Amino acid sequence: MKQEGVQPNNVTFVLLLKACASLAALEQGKQLHSDVIKRGSQSDVMVGSSLVDMYAKCGRTEDARELFNNMSERNVVSWNAMIAGYAQTGLGKEALALYEQMKEEGVQPDNVTFALLLKACASLAALGQGKQLHSDIIKRGFQSDKLVGNTLVDMYAKCGRTEDARELFNNMSERDAVSWNAMIAGYAQNGLGKEALALYEQMKEEGLQPNNVTFVLLLKACASLAALEQGKQLHSDIIKRSFQSDVIVGSTLVDMYAKCGRTEDARELFNNMSERDVASWNAMIVGYAQNGLGKEALSLFDQMQREGTKPNEVTYICLLSACAHSRLVDEGRYVFDSMCKNHGVTPTREHYACMVDLLGRAGCLSDAELFINKMPIQADSVVWMTLLGAARNHGHVEIGKRAFDRVVKLEPKNAAPYVLLSNIYAAAGRKDELAKIRNEMKDAGVKKMPGCSWIEVDNQVHAFVVGDVTHPQIKEILAELDRLVGLMKEAGYIPDLSFVLDDVEDDEKENALCQHSEKLAIAFGLINTPPGTLIRIKKNLRMCGDCHNATKIISKIVGREISVMDVNRSHHFKDGFCLCGDYW
């Protein structure tokens, strides 16, 4: 256009700046900025707003704010551009502060303003400010706006208020696929996968067409619950609606099957994908990792490189995790060194945490602690928690105590380090230290997250928490557990009371162990499924050593295969053994 001597106008610059923003093409955006100044267009409010938007979307929020402050005229689009820049770069507090300034200057917000601010509240989990915005939305008459309604649902859900989100969702005068996806995502993100799947059924009943985002969210819900049968039904719907060629849906299907312990099905899907991106490879690699198939993960990584897909940071996290879960220490060290030296990937805290996990699981606790102390970046709570978990697994009191001290300084309200150190003291028979740490936990006002296990029977997901007495079949479940415990003891089972931290008599400790959530789920599965049926369970925490040992014995006694996917990995029990080789 310039070569042919055609003069650009303000609209030309607005369009080109949008193109630069969408590409994050900062250098070309700067060149355009220079042309804007040369042609005297910098005072145009739409051009100025587009410049603010471009700099913000290129991650240059300070430059964007300087431009915004110097604009001779600003309208709501200008304010929205700056608020969006803050919200999209994780600066939600700054976005909310700008809204206050906007009100002070008498600028009237529109529906886009509120949608952006609600997203900022959602990212911050700032429920109080979200409620204030909700009040402003009602005052200004935007409560019936579909865009605002959708982001309100999303905000409440991301702040953990799913009941409030559902009430808003139910009262919306108009709902589209985005509305349904926001509510489904809210359930899935708050661990309410069962509710997410039920909402999908309602969505179909009301004749609304799901899109690829809907299926991605639902498949993640199935993966979180290990709800294989419902995942299969979704797979069927995906094929019927011709979404199977969508690369994101395909990758999420691979992830769902792998997290349900069906790595062969996941691999078949992966092999048949018409298009694969790095996320697809990562999904299959992490699927192998979670199922303890480290060598298969490494082999797939070799294939990935041969086929020309460049690994990213996540790929190496998946690979290191696979090595950690398969006791492949030398291979893990090689992957970490190769990542830095040969592939130019700078290690993040997640990579360092994976290396600590790799060394800690293998019992190399001193090496793991030395590795942390030599890290070029400061270790966060995740890294120290990883070392503390390894100390618990290997009964190393001193390293466990040092790791505990570091975690508590960083996260004083986290119950997990108190529980792990208590386990270490209990296993070591150090009653005085155990009593002291219990008192410290009470004084700090922290509470342990309850264990929860899910099992799917006849396309229904049943949830159990430790000591659950609410299930309609609880009497039958407890009777089955009593029967199993008797048979287990005959087979040599000795309850490991160190996993009960309450200061009670041994018989009460044994009863508490018996009612761990996965044991309740197993008993429920045994009395509600035909003989020989695989029992598949998902748990929100790491499976404790006593439950792991008990499940091995149960699998032999009842002649059943039992699959338990905990927060760390998949366990597959058969004939008194677990495929993890007691390494998790």
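Predicted model: local features only at pLDDT ≥ 70, side-chain atom pairs only at ≥ 80, totals over all residues.

Q: Which residues of H7 are buried, and what covers them?
A: As a general idea, an α-helix has 3.6 residues a turn, so residues three or four places apart point the same way. In H7 the buried residues are Thr113, Phe114, Ala115, Leu116, Leu117, Leu118, Ala120, Cys121 and Ala122. Their cover includes helices H5 (76-88), H6 (92-104), H8 (127-139) and H9 (146-158).

Q: What caps the N-terminal end of H7, and which residue follows the helix?
A: The cap is Asp110, with a side-chain oxygen 3.1 Å from the backbone nitrogen of Val112. After H7 comes Ala125, which has a positive phi, near 55°.

Q: How many aromatic pairs does the structure hold?
A: There are 13 aromatic pairs. A pair of aromatic rings is described by the distance of the centres and the angle of the planes. For Phe68 and Trp79 the centres are 4.9 Å apart and the planes stand at 85°, so this pair is edge-to-face. Phe68 belongs to helix H4 (residues 61-70) and Trp79 to helix H5, so the pair links distant parts of the chain, 11 residues apart. Both Phe68 and Trp79 are buried.

Q: Which residue lies over the face of Phe68?
A: Arg74 does, at 4.3 Å from the ring centre. Arg175 lies over the face of Phe169, also at 4.3 Å from the ring centre.

Q: What is the order of the strands in the open sheet?
A: Strands of a sheet pair through backbone hydrogen bonds, either parallel or antiparallel. Here six strands follow the order S2-S1-S3-S4-S5-S6, and the pairing is mixed. S2 (460-465) and S6 (577-578) are at the edges with a single partner strand each, so one side of each is left without a neighbour in the sheet.

Q: How many bridges join S4 to S5?
A: Four bridges join S4 (residues 562-565) to S5 (residues 570-574), and the two strands run antiparallel. Ser563 stands opposite His572 in S5.

Technical notes
Residues numbered from 1 in each chain as written. Heavy atoms only, no water. Buried < 20%, exposed > 50% of the residue type's maximum accessible area, 1.4 Å probe, protein only. Contact = heavy atoms within 4.5 Å. Polar contact = N/O pair within 3.5 Å; in protein donor to acceptor, adjacent residues only side chain to side chain. Phe/Tyr/Trp six-rings, centres within 6.5 Å; stacked < 30°, edge-to-face > 60°. Lys NZ or Arg CZ within 6 Å of the ring centre and 35° of its normal. Pairing = 2+ DSSP bridges.
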